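The sequence and structure come first.

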Amino acid sequence: MPRLNPLLDRLSEYPVVELERRKQAVRDRGLPLVDFSVGDPVEETPDFIRQALLASVPPRCGYPTISGSSGVREAIAGYLQRRFGLDLDPQTQILPTAGAKEAVFHTPQLVIDPAAEDRVVLFPDPGYPAYQRGALFAGGEAVGVPLSGDHIFRPWLLPAELIARTRMIWLNTPHNPSGAVTPLSDLRRMVDLAQEHDILLVCDEAYADLYEDQPPPSLLQAGMENVLVLHSLSKRSGMTGYRSGFLAGDAAVIHRLRRLRANPGLAAPDFVNAAAEAAWSDDGHVAERRAIFSEKRRVLLALFEELGLEVLGSQATIYLWVKVPGDGDDDAFAARLLQDGVVVSPGRMFGVEGAGHGYVRLALVPSVEEIHAACALLRKVLG
Ligand SMILES: Cc1ncc(COP(=O)(O)O)c(C=O)c1O
């Protein structure tokens, strides 16, 4: 065995891997699986998106460019204009990615100098696990900031000494796992902080289009300098398997990112970009998906109210962040549900320093019909 990077063993297994194991255990016992775990909903990718991909597979498919096709960049610019009223230059301010996760993992490499004293990457805790991992593999000091009850990240309240050592801040609104939405007034304060301290501020907006009532704002509406946003087609358009997203914002940062990403050759294939172009150009299918997730949310919220379970945030995303009753042991609670074939994520999977304990996350993955059917089982197990 070669000598390995000790980080691999220091970090726990990536949550998706552990959740896949739990799902397999249910299948092995021959139980019907009720899967609320990984955020990979069962609804089909709209047909026009699949057709756009199929029509774009050429007899010979060469290497894709790091910048992606001008068609997909223009479609993204059109989306940002329709959705947020933003005017971005598709040539200089938009960069397609192979999904959002790889961008979460790789972007810290743009700013982190592993030998520097100031190499902190801040991120919300609980939060999407890849923020911590990308920062650590880049050689940064990963600092999860515990969120208080409303799950809004307010880095301007942090000690000046920590901010002085910070090179990058991740925001995430709407927030995974809680579903909380950060208001524009708070986003403005974050932009001021980043510009004052030469910090790269990146807002992960992977769930921007999956909301209940009010469309959540974008960080780019609060400012552009030192600022990027990250979007994804995975949940918006049902394209988890396509691996398609984009970074957009400060042209100077995008320019340097292109240079960084040319090293590993990070780029979405052209036929995926063709499908992405179709998806970003259309809002109708997103409204349909929003209605489906709303219905799933409504059914489960009614059940949890009936059972006296408390649900936090939940203004957006495809998740419900549920307080564990009794002793608050999220691991034991998830294990109890697993016995009956119901897979949920223990909240601790989203935390670094104990954040997330006492909660479980339910992803609105099963179909509306399956969720209706699962209510009887949940009532039996939790009632
Ligand atoms: C907050 C957040 N960011 C990014 C991602 C990754 O998205 P993608 O499927 O585009 O890699 C996820 C996926 O669950 C997520 O929850």
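Which residues of S2 are buried on one side, and which on the other? Ile94 and Pro96 are buried on one side and Leu95 and Thr97 on the other, so that both faces of S2 are covered. A residue is counted as buried if 20 or more other C-beta atoms lie within 10 Å of its own, as exposed if 12 or fewer do, and as partly exposed in between, with C-beta atoms placed from the backbone. In a regular strand the side chains alternate between the two faces of the sheet.

The model is predicted: local features need pLDDT of at least 70, side-chain atom pairs count only at pLDDT 80 or more, and totals for chains, interfaces and linings use all residues. Residues are numbered from 1 along each chain as its sequence is written. Helices (H or I, at least four residues) and strands (E, at least two) are DSSP runs, numbered from the N terminus.

**Seven-stranded sheet**

S2 belongs to an open sheet of seven strands with mixed pairing, in the order S2-S8-S7-S6-S5-S3-S4. Strand S2 (94–97) and strand S4 (141–146) are at the edges; each has a single partner strand, so one side of each is left without a neighbour in the sheet. On average, neighbouring strands of this sheet are turned by 20 degrees against each other, direction ignored. Axes are lines fitted to C-alpha atoms, for helices over the stretch in contact, and angles run from 0 to 180 degrees between N-to-C directions. Two strands pair if DSSP finds at least two bridges between them.

S2 pairs with strand S8 (residues 245–249) over four bridges in the antiparallel sense, and Thr97 stands opposite Gly245 in S8. Strand S5 (residues 166–172) and strand S6 (residues 200–204) run parallel and are joined by five bridges. Here Leu171 is placed opposite Cys203 in S6. Helix H9 (residues 184–196) lies across S5, S6 and strand S7 (227–232), at about 150 degrees to S6. Contact means that the C-beta atoms of two residues, placed from the backbone, lie within 7 Å.

**Four-stranded sheet**

A second open sheet has four strands in the order S9-S10-S13-S12, with antiparallel pairing. Its edges are strand S9 (311–312) and strand S12 (345–346), each with a single partner strand, so one side of each is left without a neighbour in the sheet. S9 and strand S10 (residues 319–323) run antiparallel and are joined by two bridges; Val311 has Val322 in S10 as its bridge partner. Helix H12 (residues 284–307) lies across S9, S10 and strand S13 (359–363), running at about 10 degrees to S10.

Nine of the eleven residues of helix H11 (residues 270–280) are buried, so H11 is largely enclosed by the rest of the structure. Among them are Val272, Asn273, Glu277 and Trp280. The cover over the buried residues of H11 includes helix H3 (47–54), helix H4 (70–84) and S2.

Helix H2 (residues 15–28) has 14 residues and should span 20 Å at 1.5 Å a residue; its end C-alpha atoms are 20 Å apart, which agrees. The expected span is 1.5 Å times one less than the number of residues. Just after H2, Gly30 has a positive phi of about 75 degrees.

**Ligand shell**

There are 14 residues around the ligand, of which Gly99, Ala100, Lys101, Ser232 and Ser234 come nearest. A residue is near a molecule if its C-beta atom, placed from the backbone, lies within 6 Å of it. Helix H5 (residues 100–106) gives the largest share of the shell, three residues. By class, the shell has four nonpolar, eight polar and two charged residues. Ala, Val, Leu, Ile, Met, Phe, Trp, Tyr, Cys and Pro count as nonpolar, Asp, Glu, Lys and Arg as charged, and the others, Gly among them, as polar.

**Backbone details in loops**

| Peptide bond | Omega |
|---|---|
| Asp125 to Pro126, cis | near 10 degrees |
| Asn176 to Pro177, cis | near 20 degrees |

Pro126 is in the loop between strand S3 (120–125) and helix H7 (130–137), and Pro177 is in the loop between S5 and H9.

His151, although not a glycine, has a positive phi of about 60 degrees. Its loop runs between S4 and helix H8 (160–164). Asp198, in the loop between H9 and S6, also is not a glycine and has a positive phi near 55 degrees. Are these residues buried or exposed? His151 is buried, with 22 other C-beta atoms within 10 Å, whereas Asp198 is exposed, with 11.
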